[in-house]
Amino acid sequence: MSTHASDPLAALGSLPGVADAVDSVRKAVDRVYGHRVMRRRSNEISSEAALRGARGSAALSGADWALEEVRRRTDFSADPEARTVGAALRLGAEAGQLLSIWRQSPLRVLARLHLVAAGDPDDSVGRPRLDGERVDEPLIEGPAPTPAEVAGRLDGLAELIVAGSGAPALVTAAVVHGELLALRPFTSYNGLVARAAERIALVGSGLDPKAICPAEVGHAEQGRAAYLAAFEGYLSGTPEGVGGWIAHCGRSVELGVRESTAVCEALQRGAA
């Protein structure tokens, strides 16, 4: 897919503000990858980024725990907030195992992500919801698309991913994230799954191969109101709205870079 006509994701690169966002993200990612600590301790940075990303994603889904509480806790079954944090942590650990499958079978990956998040093998887990099944998503309000619409749009998204695109990684990841939030394809944990899929898209694209730039941190840092406002822009389908969502996702990646840069600096000082 080399032309905009046959590559709808690449066409999004010309939307308002998108080129600047892509350039800014690329420079930020290059800077943190060039940090001297990354040459020796990248695995530690990746592990910490996964933890902090999980904390940020859980915060957006209503479980805004302090980082040290997330680090300290071992039981994540006591109440809904604990289950949300546990789900986010499991997704962070699982995402890296699914990269090789993502480009061949993204729908299989999404099903796996929901199964991991739910941690409960009832018959609604790990598959798109059916007619009559309720969606439990604390962040996104409004009527969810019908199962028939979900199936069609998921197939379309999967086709784009499998076919490949000339679009920048940020654009693809933002669209994956936005589509999954819009569709809410599962009965639960759609926000967590959408943000985990965004991470997989960023890592699998080669933009962030070591998974050290947790966009979830940036989404949480910008706040739920800004996240929802940007998402409403995506839902509008206007060039400005979609471009604004992509730029918001780009800023989230940059804030994730800032977080991991701070971790690098702390390790360099011997303080972490």
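In this predicted model, Cys-213 is buried, at 4% relative accessibility. The closest cysteine sulfur to that of Cys-213 belongs to Cys-264 and lies 9.5 Å away, which is too far for a bond. Cys-264 is buried as well, with a relative accessible area of 0%. Seen from Cys-264, the closest cysteine sulfur is that of Cys-213, at 9.5 Å. A disulfide requires the two sulfur atoms to be within 2.5 Å, so a separation of 9.5 Å rules out a bond between Cys-213 and Cys-264. A search of the whole structure finds 0 disulfides.

Helix H3 covers residues 38-60 and has 23 residues. What distance separates its end C-alpha atoms? They are only 29 Å apart, whereas a straight helix would reach 33 Å at 1.5 Å a residue. H3 also contains a kink of about 40°, and this kink is centred on Glu-44. Just after H3 comes Gly-62, which takes a positive phi of about 100°.

Is His-114 buried or exposed? With a relative accessible area of 0%, His-114 is buried. Leaving aside neighbours within four places in sequence, the residues in contact with His-114 include Ser-124, Val-125 and Gly-126. His-114 also contacts Phe-186, Thr-187, Ser-188 and Tyr-189, along with Val-193.

Definitions and conventions:
Residues numbered from 1 in each chain as written. Predicted model: local features only at pLDDT ≥ 70, side-chain atom pairs only at ≥ 80, totals over all residues. Heavy atoms only, no water. Buried < 20%, exposed > 50% of the residue type's maximum accessible area, 1.4 Å probe, protein only. Helix = DSSP H or I, 4+ residues; strand = E, 2+ residues; numbered from the N terminus. Expected span 1.5 Å × (residues − 1). Bend = angle between axes of the 7 residues up to and from the residue. Contact = heavy atoms within 4.5 Å.
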